[in-house]
Amino acid sequence: MTEGLEQGGSVVVIDDDYAMRLSCDQTLAKVGYRVATFEDGARGLEAVGELKPGLVVVDLKMPGLSGLDVIARLHEIDPSIIIVVITGYATISTAIDAMKAGAYDFLPKPFAPDELRLIVGRGFERRRLQRLSQQCEIDRELQRRRFVTFVSHQLKTPLVAVHQYLDVLRQLGDAPEAEAKRREWLDRCLIRTDELRRLIDDWLTLAQLEGGSLGRRRVPVDLREVIPPIVETYEAVATRDGITVAADLPTEPCIVRGDPTCLGVLIDNLVANAIKYNRPGGRVCVRAEQHPGEIVVEVVDTGIGISEAALPLLFDEFFRVAQPGGRRVEGTGLGLPICRRIASEHGGVIDVESTEGVGSRFVVRLPAARTDGVPAQEQPA
Amino acid sequence: MPATNAHSGTKSVLIIDDDPDFTAAVRATLEREGYAVVEASSGAEGLRKLRECEPDLVVLDVMMESSTAGYGVNELIKHSGEYDTLGQTPVIMVSSIQESPDDLYPRAPEVDMIRPDRYLTKPLDIQKFLEIVRKTLRR
C-alpha cells in the first residue's frame, strides 16, 4: 500500500469537465484518498494553499488559467507537490511540455479508473521517496556538522589547555607562587603541544589514507621482517612498565603485497596499544602465521581488556576506552581507525576479541602474496 | 559536607572538566581570588561532588564522557528535582564549542533544559571569567 493511502493522502483535482471531476473523485475516494475537486485553475490553486494536498491532478486544457500556468503556480506553493496532468490525445506534445515544467506524469484521456489509481499511487510513492531522500540528506548534513564540531573540539582541547596555562601565568606575574607553577606548567604545555602535534599527524595520516595519497605502494613484504624492529623499539618502554614484549614468528615466509611503511604503522599502533593498556607483569605477543590464502597477524596482550559496550565503538575516530579510576592514557583516539583503514586498503580486515580484566587479541587478516615465481617487482596498486 | 566555610564566608566552586590541565589553570586563578575549589573529572563524578560539597557555583565542561555530558549534568542539576536546593546552584558552562545550546538548537523546546546560567567559550578570558564568577556569587 502506498504512503498516500496509509495517510489517507489528500488529492486535489482541477478539471473544467464535471463528469471527469466526478469520475476522479469516485475512483480515488473508493480506495481511501481524500479528494477535493475544482472546476478552474484559480479556485484550485486557492484550495491547494489551504488543503496542502500531496498530489494534484490537473487538466491541461481549461478556460481561464491554463494547466501549464497552474503547474508553475503549484510549485511556487509547494515544490514537493506531485502533479499529474490529464490531457486529450490531441495535446500529447503539451503534456510533454507540462512534464518539462515539472509535472510528474500525464494521463491521456480517456483512461480507466485503474489507470488513474495506479498513476496516483505511483505519484505518492514518488513523494514518499523524495521526502525520504531529503531526510537522509538532512541527517547526513547534521552528522557531518556534528563530526566537524567534534574534530575541531578534539584539536582545540590541547591548545586550550596551553593557552589557559600561559594566560594564567601572565596574570600571576611575579606573585610568589608563580615560579613553581611556571616550571610545572611549562612541562605540561610541552606535553600538550606534543599531543596536538601527534593528533594532527594522525589526522593527516588518516586523511591521506582515505584520499589515496598514502599506502598505494604495492611490493612483496615479508611480515617476519617488519615485526622484529617494532618489537625492539618498544622493548625499553615496556620493560620500564614491567611488561614483556615478544614476537612469535614462523620459519616460512609471511608475504603480503603492500606498502611496507603503512603495514609497519598498523603493527606499531597495535603493539603500542597493547603496552599502553597493560599493567605491570603483563605480556604482549606479536604472531604472524600463513593460513590458506592469507597471512594472519595477531597482537595478544594480558592487559586490562575492553568492555563489551566499548568493543563496537573501538575503531571509531576519537573513541577512547574509559580507564578505571579515570586514569588518563596518552593517545589521539585515531590509532585504531588508522589500523582499520590500512588493513582495508590492503584488502584485509582487522578484528578484536577482548575480555575485561583479562586481555585483548587483535587479529589482522591480509591476503597472502602469490609466491609462484612471479617476479617480486614493484607495481602500482 | 559543604565546601563553603561558613565562618570565613569563603565561596566554593566545583569545576567539572575532564581536562586536568585546563582545570589546574582555572583552579589556580580561582584560588588566588580566595575561592575554595573542588574538582571532578567527569559528569558523573561532578554530580556526586555536588551533593558532597554543596558548592556555591559550578563551572561545567560539555564534552566529557560523552559529547553532550555537560548538557545532561546541567539538566539533572536544574530540572530533575533530585538536587533540592542544590538545583539553584548557578552553572557556568565552558566549552571550546563556539555555539551555546541556544545557538545549536534554536528551535528545540528541550533547549530550556540544557541552558546554563552563562555560556563561555574556551580558552577563558580570565579577567572576564573572574568578573562573571564574582557577579554570579554576589547574587
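In this predicted model, the bridge partner of B:Ile16 in strand E3 of chain B is B:Leu60. Strand E1 (residues 12–16) of chain B and E3(B) pair in the parallel sense over four bridges, where pairing requires that DSSP finds at least two bridges between two strands, and strands are DSSP runs (E, at least two residues) while helices are runs of H or I with at least four, both numbered from the N terminus.

**Around strand E3 of chain B**
- Three bridges also join E3(B) to the parallel strand E4 (residues 91–95) of chain B, and B:Val59 stands opposite B:Ile92 there.
- From E3(B) the chain crosses through helix H3 (residues 69–79) of chain B to E4(B) in a right-handed β-α-β crossover, which means that, with the strands pointing away from the viewer, the path from the first strand over the helix to the second runs clockwise.
- B:Leu57 and B:Val59 on one side of E3(B), and B:Val58 and B:Leu60 on the other, are all buried, that is, under 20% relative accessible area with a 1.4 Å probe, counting protein chains only.

**The sheet of chain A**
- Five strands of chain A form an open sheet in the order E2-E1-E3-E4-E5, with parallel pairing.
- Its edge strands, E2 (34–38) and E5 (105–108) of chain A, each pair on one side only.
- Strand E3 (residues 55–59) and strand E4 (residues 82–87) of chain A are parallel and share five bridges, with A:Asp59 opposite A:Ile86.

**Conventions**
- Residues are numbered from 1 along each chain as its sequence is written, and chains are lettered from A in the order in which they are written.
- Local features need pLDDT of at least 70, and side-chain values use heavy atoms, leaving out hydrogens and water.

Methods:
This is a predicted model: local features need pLDDT of at least 70, side-chain atom pairs count only at pLDDT 80 or more; totals for chains, interfaces and linings use all residues. Buried means under 20% relative accessible area, exposed over 50%, partly exposed in between (1.4 Å probe, protein chains only).
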